[in-house]
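Welcome! Let's take a friendly walk through this structure and see what its side chains can tell us.

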Amino acid sequence: MALQGPIPVTFAMVFPHGCYIVGEVEPVKDFDASANGRFVQARDKQTAELVWQVAVMDGDPTLKPAQKTVAVKILAPVQPVPPQPMPGLPFTPVEFDGVTVTPYVNAAGRLAYSIKVQEMHPPRQTTQPTQAKAGKDAA
């Protein structure tokens, strides 16, 4: 089979309604290497990059509350810095680049996905400012 390992996808495929940071960026523990109170950070098996994790809330309004929050793993040599909060919003919007998903069967026997990314940044502007301005000037 040609598909092996993480499957590359786009941010819009995973979060078509966007997503918002709802936790801190934290190192992921390597449970096999950590022992006797000594913390060892996990490294990605394919890239050997350090693994960090952040909780995000999916912006999809149709999801049930228990399905809204997911963990996104970030592969980076240093701790990623989240985008600055936006005034007037309770959560910080975020986008990711270099997104992959790895399907697996969770403890409940259901299909789930591990989401890994290479970069975190503020959302890109989705509308053209010149179009909005042109419409305003024409009125």
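## Aromatic rings and an exposed valine

With a relative accessible area of 2%, Phe 96 is buried. Keep in mind that this is a predicted model. Phe 11 is buried as well, and its relative accessible area is 13%. Both values count as buried because the cut-off is under 20%.

How many aromatic pairs does the structure hold? There are 2 aromatic pairs. In one of them, the ring centres of Phe 11 and Phe 15 lie 5.6 Å apart and the planes meet at 40 degrees, so this pair is tilted. Phe 11 and Phe 15 are both buried. Phe 11 also forms a tilted aromatic pair with Phe 96. Here are the values side by side:

| Pair | Centre to centre | Angle between planes |
|---|---|---|
| Phe 11 and Phe 15 | 5.6 Å | 40 degrees |
| Phe 11 and Phe 96 | 6.3 Å | 55 degrees |

Where in the chain do Phe 11 and Phe 96 sit? Phe 11 belongs to helix H1 (residues 11-14), while Phe 96 belongs to strand E6 (residues 92-97). They are 85 residues apart, and their pair links distant parts of the chain. Together, Phe 11, Phe 15 and Phe 96 make up one aromatic cluster.

Now let's turn to Val 81, found in the loop between strand E5 (69-75) and E6. Is Val 81 buried or exposed? Its relative accessibility is 64%, so Val 81 counts as exposed; the cut-off for exposed is over 50%. Val 81 and Glu 24 are 57 residues apart in sequence, and their C-alpha atoms are 9.5 Å apart in space.

Technical notes. Residues numbered from 1 in each chain as written. Predicted model: local features only at pLDDT ≥ 70, side-chain atom pairs only at ≥ 80, totals over all residues. Heavy atoms only, no water. Phe/Tyr/Trp six-rings, centres within 6.5 Å; stacked < 30°, edge-to-face > 60°. Buried < 20%, exposed > 50% of the residue type's maximum accessible area, 1.4 Å probe, protein only. Helix = DSSP H or I, 4+ residues; strand = E, 2+ residues; numbered from the N terminus.
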